[in-house]
Amino acid sequence: MPKPALSRRALNTPPSPIRKLAPLAARAKKAGIHVYKLNIGQPDIESPEEYFEGLRLFKDKVVAYEESQGNEKLCRVWSKYINRTLGIDTRPEQFIITVGASEALVFAFMSCCDPGDEIIIFDPTYANYLGFASISGTSLVPVLCRMEDNFALPERGRIEEKITGRTRAVLICSPNNPTGTVCSKEELGLLFDLCEERNLFLIVDETYREFVYEDFEPFSILNLEGKSDRVIVIDSLSKRFSLCGARVGCLLTSNEEVLASALKIAQARLAAPTISQFASAHMLENIRDGFLEGVRNEFRIRRDALYAALKEIPGVVAHKPQGAFYTVVQLPVPDADDFASYMLEEFSYNGKTTFIAPAAGFYMQNSQGLQQARFAYVLNKNDIDEAIEAIAAGLESYSKR
Ligand SMILES: Cc1ncc(COP(=O)(O)O)c(C=O)c1O
């Protein structure tokens with residue numbers, strides 16, 4: 001009896017480029033080698049005590065479904081938090097609480113696009129956008145941002161030429177994963193104007209909003225065009241509050257039709273987790289002054305250490321990332337994927353090695369980024385120094401094979 005066939009959608013969904021080499025890392029670990037994990041965006045910063053306090057305060061005898069839109073208090077305090085930090089005036093009704101930014105992105109794609117419609121994205125890109133596109137039947141159309149330009153947005157004409165009759169939205173992530181680039185107000189303004197002229201949605205993924213290391217001033221597309229019906233903001237507690245496993249994010253827009261349609265999808269999945277939303281509301285309401293500043297300072301120290309160490313390795317081309325906690329680096333090897341595997345399979349330095357993510361998987365265009373890798377600076381400075389020492393020694397040994 002032949003097996004029932006899988007869908008083309010399932011078969012075409014790409015595997016995560018950051019987890020692809022995980023079995024090699026597991027083998028190295030089993031062989032007693034310490035593996036510095038710079039491949040994945042899992043911060044090691046302690047989650048805020050205020051979140052755990054919130055968990056302890058949950059006293060209901062039944063863990064019931066939450067409202068599909070989200071916990072009423074969480075919508076209220078998140079709106080207040082954003083209004084306070086950005087100096088704007090969102091309302092709780094503009095929020096839909098989701099299972100991380102991931103679900104908010106799926107809701108946005110599903111609300112804005114029919115199967116076959118297109119969303120313009122910028123290459124290299126957060127690789128899971130491809131998964132969300134696959135789930136929603138949407139096509140992503142990449143516009144290349146070049147390493148030589150520090151991955152800044154290309155000129156307007158190069159974005160505009162990608163717009164077709166099927167384009168429904170432009171999606172930008174700032175501060176950016178994987179490049180660490182932060183869009184200027186002018187760049188966001190340019191994208192908004194383009195969307196306005198061509199009648200498109202502008203989806204802004206602000207998962208890393210407060211992780212900006214130069215001249216920090218809290219800034220969002222909401223500061224520019226918060227009342228516009230075409231702006232959809234994606235937010236998350238995962239990274240800035242070191243709460244990846246809490247699975248709490250949101251979709252935020254002034255567009256009532258988008259909210260109504262996203263709510264229908266939210267109703268079909270019933271609700272995001274009740275206890276985590278309860279604890280998140282307590283955390284956002286009570287978070288101590290200076291928490292985010294402390295975390296930002298820590299990542300600035302790590303960013304500086306990583307950049308300083310990479311710059312010293314012969315043949316490596318690194319740019320100083322302005323935000324998030326990633327950077328994409330050019331390595332003096334023909335194939336970064338092969339080098340990353342070599343580091344895990346064949347090399348160790350004082351019993352240690354480093355796990356990096358080959359960058360080709362972050363490009364939608366084939367044969368881009370073959371010599372590049374993404375480094376996530378989610379380890380403390382000391383570990384970063386040692387991880388980059390291992391990379392430098394690994395590059396030298398790799399070149400002599
Ligand atoms: C740019 C970007 N958007 C969205 C997400 C998803 O985050 P979460 O679903 O944990 O909120 C991530 C996670 O790494 C990310 O880097």
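**Ligand shell, domain contact and local backbone features**

Helix H5, residues 100-112, gives the most to the shell around the ligand, contributing three residues. The model is a predicted one. In total, 13 residues surround the ligand. Gly100, Ala101, Ser102, Ser236 and Ser238 are the closest.

Strand E2 covers residues 95-98. E2 is joined to strand E8 (residues 249-253) by four bridges. The two strands run antiparallel. Within this pairing, phenylalanine 95 has leucine 252 of E8 as its bridge partner.

The overall fold was examined next. The protein contains 14 helices and 12 strands. Along the principal axes, its C-alpha trace spans about 65 × 60 × 50 Å. The radius of gyration is 21 Å, which agrees with the value near 21 Å that a compact globule of 401 residues would have. Of the 401 residues, 48% count as buried. Among contacts with a separation of 6 or more, 75% come from residues 24 or more positions apart.

Two domains divide the protein. Domain 1 is made of two segments, 8-46 and 291-399, while domain 2 covers 49-286. Their C-alpha centres lie 26 Å apart. The contact between them takes 36 residues from domain 1 and 31 residues from domain 2. On the side of domain 1 that touches domain 2, helix H1 (8-12), helix H12 (291-311) and strand E9 (326-330) each supply at least two residues. H12 gives the most to this side, with six residues. The residues on this side of domain 1 comprise 16 nonpolar, 14 polar and six charged.

Two cis peptide bonds were found at prolines. One runs from aspartate 123 to proline 124, with omega near 0 degrees. Proline 124 sits in the loop that links strand E3 (118-123) and helix H6 (128-136). The other runs from asparagine 177 to proline 178, with omega near 20 degrees. Here the loop lies between strand E5 (167-173) and helix H8 (185-198), and it holds proline 178.

Positive phi values were also examined at residues other than glycine. Asparagine 150 is not a glycine, yet its phi is positive, at about 55 degrees. Asparagine 150 belongs to the loop between strand E4 (139-144) and helix H7 (156-160). This asparagine counts as partly exposed because it has 14 C-beta neighbours inside 10 Å. Arginine 247 likewise has a positive phi of about 55 degrees without being a glycine. The loop between strand E7 (231-236) and E8 contains arginine 247. Because 20 other C-beta atoms lie within 10 Å, arginine 247 is buried.

Notes:
Residues numbered from 1 in each chain as written. Predicted model: local features only at pLDDT ≥ 70, side-chain atom pairs only at ≥ 80, totals over all residues. Near = placed C-beta within 6 Å. Buried ≥ 20, exposed ≤ 12 C-beta atoms within 10 Å, placed from the backbone. Pairing = 2+ DSSP bridges. Domains from an automatic or database assignment. Contact = placed C-beta atoms within 7 Å. Nonpolar A, V, L, I, M, F, W, Y, C, P; charged D, E, K, R; others polar. Rg over C-alpha atoms; globule rule 2.2 N^0.38 Å.
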